[in-house]
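Me: I would like to go through some of the labels given to this structure and the grounds for each. Here it is.

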Amino acid sequence: MTKVDLSIISVSYNTRQIMQDCLESILKYTKGLNYEIIAVDNGSTDGSLEMLRDFSRKHSELILVDAHANVGFGRGNNLGVKQAKGEYILFLNSDTLLFDNALKSAVDYVRKHPKIGAYSCQLLNADHSFQPSGGHFPTLGNLLAWQFFIDDLPLVGRLISSFHPQRSSYDNNQELDWVTGAFMIVPRKLFDQVGGFDEKIFMYTEEMELCYRFSKLGYVTAYRSKPAIVHLGGASNGSVFAITSEVKYMIYFWQKHMPAWQLPLVKFAFLMGSLLRLLIFGIIKGDEKARRAYLQTLRLII
């Protein structure tokens, strides 16, 4: 039986065409690597499931898992891992495009560095401009800097280990605390050891929380500026859902991992930050999506 180097897991939810484009880019640009693709359909209603069934009949590399409902990012990926045979797992968003044999380069690097718990490469927008792809674990300090726009200041922001670093910080190879789940390679044994993604997190912050558990075991998170892939970004979810979910599950992260005395301060920081953003973006700038997002966030916190 041929050893599988990499199991590529991609969760699909109403992203039929971009999922097909992603799969075709994997087949076209991946060479010299024994891999399998596990597509988990989260109850799509746009024909994604039918497309994946047809694709799996034509391409033996694809294994289809039908979740029958939208079970979220973490749980969907956990379902995919149960079918995986690879030494390494790649969690890959359906709205990504590969080129230049990026997967072979990435796996070769991770294999040479056994203390890597999670790995990501540079993410590019459709126009090949840089895209943020990770950051530092949240602390009271960098949370306050984030919520009050301090880490956006040109000089001050470079001195802060921000949860969302400035875009210029992604030009260099480095160790980050966490990387985005749009493209994240992890050793299968380590993923099983920590119990996989926390399924209480439906979507957003789950990769950060997973990397935090890796770090507690002494593993590092690596970010490399090359190779790079295209991440179209946000194709399945609107900004309102993203903003409210990030706050909701950041509070959950604090409840799970941080000292209890910090939680009231965390909620206060998010409360004031959401009020500021509601005023600036939702009222002064008249952005209806921002207004709805931060109103929902305030209701969540209060």
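Predicted model: local features only at pLDDT ≥ 70, side-chain atom pairs only at ≥ 80, totals over all residues.

Me: Why is I150 called partly exposed?
Reply: I150 has a relative accessibility of 35%. Buried means under 20% and exposed means over 50%, with partly exposed in between, so I150 at 35% counts as partly exposed.

Me: Where does I150 lie?
Reply: I150 is in the loop that runs between α5 (140–147) and β9 (174–176).

Me: What makes a nonpolar patch on the surface, and which residues form it?
Reply: A patch residue needs over 30% relative accessible area and no salt bridge, and nonpolar side chains are joined within 5 Å. The residues that form this one are L144, F148, I150, L153, L155 and V156, and together they have about 510 Å² of accessible area.

Me: How much space lies in the second largest pocket, and what lines it?
Reply: The second largest pocket holds about 210 Å³ of space. Its lining has 13 residues, and E87, Y88, P187, R188 and K189 are the closest to its centre. Two or more lining residues come from each of α4 (102–112) and α6 (188–194), and α6 gives the most, with three.

Me: Which classes make up that lining?
Reply: Seven of the lining residues are nonpolar, two are polar and four are charged.

Methods:
Residues numbered from 1 in each chain as written. Heavy atoms only, no water. Patch = residues over 30% accessible without salt bridge, like charges linked within 9 Å, V, L, I, M, F, W, Y side chains within 5 Å. Areas by Shrake-Rupley, 256 points an atom, 1.4 Å probe, with all protein chains shown as cover. Salt bridge = Lys/Arg side-chain N within 4 Å of Asp/Glu carboxyl O. Helix = DSSP H or I, 4+ residues; strand = E, 2+ residues; numbered from the N terminus. Buried < 20%, exposed > 50% of the residue type's maximum accessible area, 1.4 Å probe, protein only. 1 Å grid on protein atoms, 1.4 Å probe; cavity = no way out; pocket = protein on both sides within 12 Å on 5 of 7 lines; lining within 4 Å. Points joined across faces, edges and corners; volume = space filled by probe spheres on them. Nonpolar A, V, L, I, M, F, W, Y, C, P; charged D, E, K, R; others polar.
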